[in-house]
Amino acid sequence: RMVRRLRHQGLREDLQQANVRSEQLNTELAYEVEQRRLSEARVRHLTRFDELTGLANRRMLDKTLDLEWRRAQRSGAPLSLIMIDIDHFKAFNDNYGHQAGDEALRQVAQTIKANVRRPADLAARYGGEEFAVVLTETDAAGTRLLAEKIRVAVEQMEPANPDTPKLTISLGACTRYAKPGDDQEQLLRTADKALYQAKKRGRNRVMDINETGVNALIPKPAP
């Protein structure tokens, strides 16, 4: 009888240990599954967003431009693009270091993002110290108004570091109708040309080149 009792007690202890081990394995498995989920979510985020600034990245910008251009062709509504460049950023980086430069990029990016509020619009980092804003169904006047608002907001920013100067930006804007035979690259090239003019004329200003005035050809919406 004593042997049987000891045997039963041993079986209970073995069962308890097995249950504990099973719970540990379930906890470890749940942790691994959660870590994998977070890792996959991070990868998806990095395919769409710039890690430094938190804005959409170039890939997301290109995809959005293509989508909105085709949508504008169907609707007949104008599509606008603002190209933005931080003035004298290379000299800023050289004088104050890459850490200050990265902080300046983040600060300008967040200021741009704060002024681009409509869900259908997109603020993106184009590359280096350049940014872009896609505005759907926005005419030339509305685009210029927003561009000027962003310019003033950056000009009024306090320096992130007391040892660095205030920042300014130059902006080139373009508003076009998505005419048959055109593509979004023409919108991009024209906005970039306007940005070049803003920099050539002294920086810290908005220049625009548009094709939505009274003489512009307004295409009929696609059937």
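**View 1. Lysine 179 sits in the loop between strand S4 (169–177) and helix H6 (184–200).** Helices (H or I, at least four residues) and strands (E, at least two) are DSSP runs, numbered from the N terminus. This is a predicted model, in which local features need pLDDT of at least 70, side-chain atom pairs count only at pLDDT 80 or more, and totals for chains, interfaces and linings use all residues. Residues are numbered from 1 along each chain as its sequence is written, and side-chain values use heavy atoms, with hydrogens and water left out. Lysine 179 has 16% relative accessibility and therefore counts as buried (under 20% relative accessible area, 1.4 Å probe, protein chains only). Tryptophan 69 lies 110 residues from lysine 179 along the chain, yet their C-alpha atoms are separated by 9.5 Å.

**View 2. Helix H3 (residues 89–96) packs with helix H4 (residues 98–115).** The angle is about 140 degrees, and the axes are 7 Å apart. Axes are lines fitted to C-alpha atoms over the stretch in contact, and angles run from 0 to 180 degrees between N-to-C directions.

**View 3. Phe89, Phe92, Asn93 and Tyr96 of H3 meet His98, Ala100, Gly101, Ala104 and Leu105 of H4.** Contact means heavy atoms within 4.5 Å. By class, six residues are nonpolar, three are polar and none is charged. Ala, Val, Leu, Ile, Met, Phe, Trp, Tyr, Cys and Pro count as nonpolar, Asp, Glu, Lys and Arg as charged, and the others, Gly among them, as polar.

Definitions and conventions: Buried < 20%, exposed > 50% of the residue type's maximum accessible area, 1.4 Å probe, protein only.
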